[in-house]
Amino acid sequence: MSNRGVLEDVESTELVPPSDPRSTIVSIDADRLGGTPCFAGARVPVKYLWEYLFSGKTLETFLDDFEGVTRQEAVAALEQAYERFMEGLPLQ
């Protein structure tokens with residue numbers, strides 16, 4: 001008889017592997033919101049963060065409206081976007 005838990009027997013549909021450092025921030029699951037990238041542990045699409053900021057709303061407002069997202073996750077997403085933007089630019 002197996003001592004594995006019931007949840008372990010269910011095949012995961014998560015597309016971001018645990019080995020990816022972004023897995024603590026983002027989750028992509030084909031069975032959740034049609035595979036839309038969401039904040040890990042929440043059903044909140046990551047794109048909502050940028051939509052809020054682009055529309056002039058604050059990070060605080062976003063965090064208040066989406067309690068499932070932590071400040072740490074939102075800031076980490078913004079930092080990664082910044083790093084990606086700056087990647088390859090000539091620095092003085």
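**Labels and their grounds**

Author: By class, eight nonpolar, one polar and two charged residues make up the lining of the largest pocket. The model is a predicted one.

Reader: Which residues line the largest pocket?

Author: The lining consists of V16, D20, R22, I25, V26, I28, V46, W50, A77, Q80 and A81. Helix 4 gives the largest share of this lining, three residues. The space in the largest pocket is about 220 Å³.

Reader: What makes Q80 polar, and D20 and R22 charged, in that lining?

Author: Asp and Arg are on the list of charged types, so D20 and R22 count as charged.

Reader: How do you know what pattern the chain follows?

Author: The secondary structure comes to four helices and two strands. Taken in sequence order, they give α-β-β-α-α-α.

Reader: Why is F39 called buried?

Author: Buried means under 20% relative accessible area. F39 has a relative accessible area of 0%, so F39 is buried. F39 is found in strand 2, residues 38-39.

Reader: What is F39 in contact with, leaving aside its neighbours within four places in sequence?

Author: The contacts of F39 beyond those neighbours are I25, S27, V44, P45, V46, L49, F62, V69, E73, A74 and A77. For one of these, L49, ten residues along the chain from F39, the C-alpha atoms of the pair are separated by 9.8 Å.

Reader: Which residues have the most contacts inside the largest nonpolar core?

Author: They are F39, V44, L49, F62 and V69, in a core of 17 residues. Helix 2 (47-54), helix 3 (59-65) and helix 4 (71-86) are the elements that give two or more residues to this core. In soluble globular proteins, nonpolar side chains tend to be buried together.

Reader: What share of the chain counts as buried?

Author: Of the 92 residues, 27% count as buried. The chain exposes about 7,000 Å², and carbon and sulfur atoms supply 55% of that area.

Reader: Is D29 buried or exposed?

Author: The cut-off for buried is under 20%. D29 has 16% relative accessibility, so D29 counts as buried. D29 is in the loop between strand 1 and strand 2.

Reader: What is D29 in contact with, apart from its neighbours within four places in sequence?

Author: D29 is in contact with T13, E14 and G35. D29 and E14 are 15 residues apart in sequence, and their C-alpha atoms are 4.5 Å apart in space.

Reader: Why is L33 called partly exposed?

Author: Partly exposed covers the values between buried, under 20%, and exposed, over 50%. L33 has a relative accessible area of 35%, so L33 is partly exposed. L33 also lies in the loop between strand 1 (26-27) and strand 2.

Reader: What is noted about phi of L33?

Author: Phi of L33 is near 50°, a positive value in a residue other than glycine.

Note on methods: Residues numbered from 1 in each chain as written. Predicted model: local features only at pLDDT ≥ 70, side-chain atom pairs only at ≥ 80, totals over all residues. Heavy atoms only, no water. Core = buried A, V, L, I, M, F, W, Y, C linked by side-chain atoms within 4.5 Å. Buried < 20%, exposed > 50% of the residue type's maximum accessible area, 1.4 Å probe, protein only. Contact = heavy atoms within 4.5 Å. 1 Å grid on protein atoms, 1.4 Å probe; cavity = no way out; pocket = protein on both sides within 12 Å on 5 of 7 lines; lining within 4 Å. Points joined across faces, edges and corners; volume = space filled by probe spheres on them. Areas by Shrake-Rupley, 256 points an atom, 1.4 Å probe, with all protein chains shown as cover.
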